[in-house]
There are 2 protein chains.
Amino acid sequence: MTRVTADVTFLRGYNQALVMAVGRTARTFERSTVVEATGLTPQAVSKVIARLIADGLIRPAGVRRPGIGKPAVVYALVPDSRYAIGAHVARRTLRLVLVDLAGTVHHSAVSPLPRDFTPEQLLDALSVGIDTMAGIGDLRSRLTGLGIGMIGPLDHANGLVRDAHGLRHWHDVPLREIAEKHLGLPVHLDKDVTAGITAEAWRHGATFGDAALIMVESGIGGGFWLGGAAHRGAHTNAGEFGHTVVDLTGPRCVCGRHGCLEIVHHRAAEAGDIAHAARVLAVGVVNLLQTLDLAHVVLAGADLLRHSQTYLAAVTEAVGADARRADWLSTTVALSSLGADVIAAGAAMQVLDQHYGIPELAHPLIVGS
Amino acid sequence: MTRVTADVTFLRGYNQALVMAVGRTARTFERSTVVEATGLTPQAVSKVIARLIADGLIRPAGVRRPGIGKPAVVYALVPDSRYAIGAHVARRTLRLVLVDLAGTVHHSAVSPLPRDFTPEQLLDALSVGIDTMAGIGDLRSRLTGLGIGMIGPLDHANGLVRDAHGLRHWHDVPLREIAEKHLGLPVHLDKDVTAGITAEAWRHGATFGDAALIMVESGIGGGFWLGGAAHRGAHTNAGEFGHTVVDLTGPRCVCGRHGCLEIVHHRAAEAGDIAHAARVLAVGVVNLLQTLDLAHVVLAGADLLRHSQTYLAAVTEAVGADARRADWLSTTVALSSLGADVIAAGAAMQVLDQHYGIPELAHPLIVGS
DNA sequence: AAAATTTAGCAACAGCGTTGCGTAATAGGG
DNA sequence: CCCTATTACGCAACGCTGTTGCTAAATTTT
């Protein structure tokens with residue numbers, strides 16, 4: 001845990017991150033753009049820009065001639081100044097992506113994982129994949145780290161896999177620690193769905209409001225972006241949205257309860273009635289909207305993307321019907337812009353975010369002795 | 001909206017708020033206590049403490065003699081240095097409370113409101129009630145403001161009541177503005193449930209993790225505390241948790257959907273089967289835990305408190321059954337420590353929080369022109 | 001009475017954004 | 001062609017933050 005005290009170094013990181021967010025969202029920008037967006041003084045922005053140029057993160061890119069007056073210098077992010085690798089660890093496959101500072105996915109590769117793979121087998125697969133990707137343009141020196149998005153439950157703060165669902169050799173594995181040792185890179189571990197929603201938020205910039213990523217892929221999960229940050233919950237266990245009861249008299253689920261969203265949805269899909277399955281999922285999504293009041297819903301996951309239009313239509317219709325009562329209640333519904341890469345890409349962006357995003361002011365916990 | 005830029009004044013507010021949080025949580029504290037809790041240097045803490053003493057917010061309260069060495073100065077919050085008044089506006093009643101800087105409720109008064117009361121009638125009732133309370137100890141000068149917790153929907157950011165459920169004269173009423181003008185006090189407007197959870201968080205201090213306040217009172221609502229702040233959602237409409245579907249084949253609800261938690265619960269309660277009603281509510285609570293992974297669940301609301309032990313037992317049992325699978329998944333369940341005052345008290349604490357809590361670093365939205 | 005230990009705070013410092021003001025670069029008008 | 005208005009940029013001084021170095025004070029132990 002990096003304890004960040006509220007000193008002036010926080011200010012530097014914070015305002016730098018604001019400028020970086022502008023650069024990531026807009027292709028090019030000027031000093032006045034940042035001034036408007038942040039409320040900082042022009043002089044302060046100049047200082048921040050000078051620091052970022054010195055670090056090679058942004059560069060001047062010509063001038064704008066608006067007519068009268070001295071032309072404004074135009075700046076642009078240097079996307080290839082930093083990279084991160086993201087890994088999506090599923091039950092049978094490992095997906096690796098290379099993401100640059102702008103959030104663009106450059107390479108994507110899927111490799112199979114042995115049935116019931118062990119931590120060692122995963123590390124070997126990661127090692128091989130990273131060497132291949134990092135060797136492409138000799139970008140080892142510009143590699144910020146590795147992000148891993150994985151099925152839970154896990155402990156994000158301590159980088160610990162508690163008990164990955166359906167994998168026998170994954171009980172209390174300190175994956176972050178052993179991966180950092182094995183790979184010689186900073187490693188960030190998070191739940192797959194949380195990584196996924198981070199990808200959407202990182203690419204949309206500071207305008208992205210409260211949002212959820214709904215993932216249907218051997219189970220139903222949800223990743224949440226609330227109040228400008230990923231929501232992980234008290235024990236990194238948020239998002240078990242598939243195990244919310246939507247039918248009190250429904251069939252018994254593997255989790256022990258009756259009528260979970262997941263089992264009801266699964267039964268419908270199994271029977272071949274995808275349209276019905278999609279409507280069931282839509283009920284769950286509207287439940288989320290009622291509870292959390294979200295601005296965006298993003299749909300993802302292999303099983304969903306296989307029938308993407310059916311799901312998109314069902315959820316859009318249900319959300320629209322719900323919001324019809326009030327015109328000020330608007331929520332966008334969309335398929336993930338990154339498709340199958342969303343989890344891995346988001347894991348990579350979490351690493352970039354740790355370095356170039358808003359620094360966490362770890363509200364210090366007053367832990368009793 | 002107070003746009004806070006990330007300058008040194010933020011640092012001051014932030015670190016002062018940390019010290020105030022320590023003072024609020026602990027009866028008394030020393031410099032070393034704060035150093036441990038915040039990670040600041042002793043010298044920095046000394047400066048902060050000096051500022052707070054100058055403002056009359058804390059005071060020296062003797063010394064501690066731990067044995068060897070110079071005794072440490074003990075400090076204590078001065079609870080009566082600042083007050084705030086909180087109002088809970090329900091359909092038929094107005095509840096007013098006086099809360100001090102420590103979060104202690106000093107006076108509580110309930111007065112009836114006319115059926116279908118108008119904004120003017122509410123303002124008059126507020127005016128009378130505030131004059132009575134503020135006159136008690138001539139604490140007008142120490143009054144920070146008025147917090148109003150009200151049924152929604154409303155717009156927290158703009159202080160606007162959009163369309164209060166079941167009240168005819170409340171469509172797009174700029175309540176904050178007209179109340180500030182009428183009462184001559186800063187006014188803070190929020191949903192009732194959000195105010196309620198703020199009360200719990202403010203009293204528990206920085207150790208309070210993600211939490212929900214479940215309120216059963218002419219409807220079922222939820223207030224959320226996530227990531228160290230109240231969660232209001234994209235349109236201040238979070239918490240409509242009573243209108244989440246738990247029974248796909250259930251009876252039709254007033255909201256148009258079938259099998260909402262609220263209608264299913266209501267039918268059971270109407271039939272006199274409170275135990276069953278409580279179990280239905282408990283299913284909804286567990287749904288929340290699955291989705292959000294909360295550390296605390298607080299139960300409140302007049303209809304619930306009337307059978308508090310039945311509800312407490314049902315929810316505790318359901319939460320325990322759910323967490324049994326994993327020992328690291330712990331969630332506390334409790335009745336609100338403030339009882340019927342929780343909404344009004346929370347509204348008052350929101351006012352205090354704006355002045356003496358962690359300052360918001362309003363992540364500036366890059367709003368397109 | 002002297003040494004050891006712990007706490008408190010003054011003074012100088014580095015670094016942040018802000019303010020004041022001078023300079024550079026352009027278009028338009030005389 | 002030159003002058004002026006306009007816009008953008010940045011140096012220098014400043015106020016404020018927390019930090020660092022060091023001295024002084026208050027107590028117990030030897």
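P153(B) sits in the loop that runs between β7 (143-150) and β8 (154-155) of chain B, where helices (H or I, at least four residues) and strands (E, at least two) are DSSP runs numbered from the N terminus. The peptide bond that leads from G152(B) into P153(B) is cis, with omega near -5°. In chain A, a cis peptide bond likewise joins G152(A) and P153(A), with omega of about -5°, and P153(A) is found in the loop between β7 (143-150) and β8 (154-155) of chain A.

The model is a predicted one, in which local features need pLDDT of at least 70 and side-chain atom pairs count only at pLDDT 80 or more, whereas totals for chains, interfaces and linings use all residues. Residues are numbered from 1 along each chain as its sequence is written, and chains are lettered from A and ligands numbered from 1 in the order in which they are written.

Chain A as a whole contains 11 helices and 16 strands. Its radius of gyration, taken over C-alpha atoms, is 22 Å, close to the 21 Å that the globule rule gives for 369 residues, so chain A is as compact as a globular protein of that length; the rule itself is 2.2 Å times the number of residues to the power 0.38. Along the principal axes, the C-alpha atoms of chain A fill a box of roughly 70 × 55 × 50 Å. Buried residues make up 50% of the 369 residues in chain A, a residue being buried if 20 or more other C-beta atoms, placed from the backbone, lie within 10 Å of its own, exposed if 12 or fewer do, and partly exposed in between. Of the contacts in chain A with a separation of 6 or more, 59% are between residues 24 or more positions apart, contact meaning that the C-beta atoms of two residues, placed from the backbone, lie within 7 Å.

Packing between helices can be followed at α6. Helix α6 (residues 192-204) of chain A packs against helix α11 (residues 342-356) of chain A at an angle of about 70°, with their axes 7 Å apart; the axes are lines fitted to C-alpha atoms, for helices over the stretch in contact, and angles run from 0 to 180 degrees between N-to-C directions. That makes α6(A) roughly perpendicular to α11(A), a description used for angles of 65 to 115 degrees. On the side of α6(A) the contact includes A195(A), T198(A) and W202(A), and on the side of α11(A) it includes V342(A), M349(A) and D353(A). Also in helix α6 of chain A is R203(A), which is partly exposed, with 18 other C-beta atoms within 10 Å. The C-alpha atoms of R203(A) and A21(A), 182 residues apart along the chain, are separated by 9.1 Å.

The two protein chains also meet each other, with 56 residues of chain A in contact with 56 residues of chain B. The elements that give two or more residues to the side of chain A that touches chain B are α1 (8-25), α2 (31-38), β13 (220-226), β14 (229-231) and α8 (274-292) of chain A, and the largest share, 6 residues, comes from α1(A).

DNA strand D is surrounded by 29 residues, of which the closest are G69(A), K70(A), V73(A), A44(B) and K70(B). At least two residues of the surface near DNA strand D are supplied by each of α2, α3 and β3 (72-77) of chain A and by each of α1 (8-25) and α3 of chain B.

Terms used:
Parallel < 35°, antiparallel > 145°, perpendicular 65-115°, else oblique. Near = placed C-beta within 6 Å.
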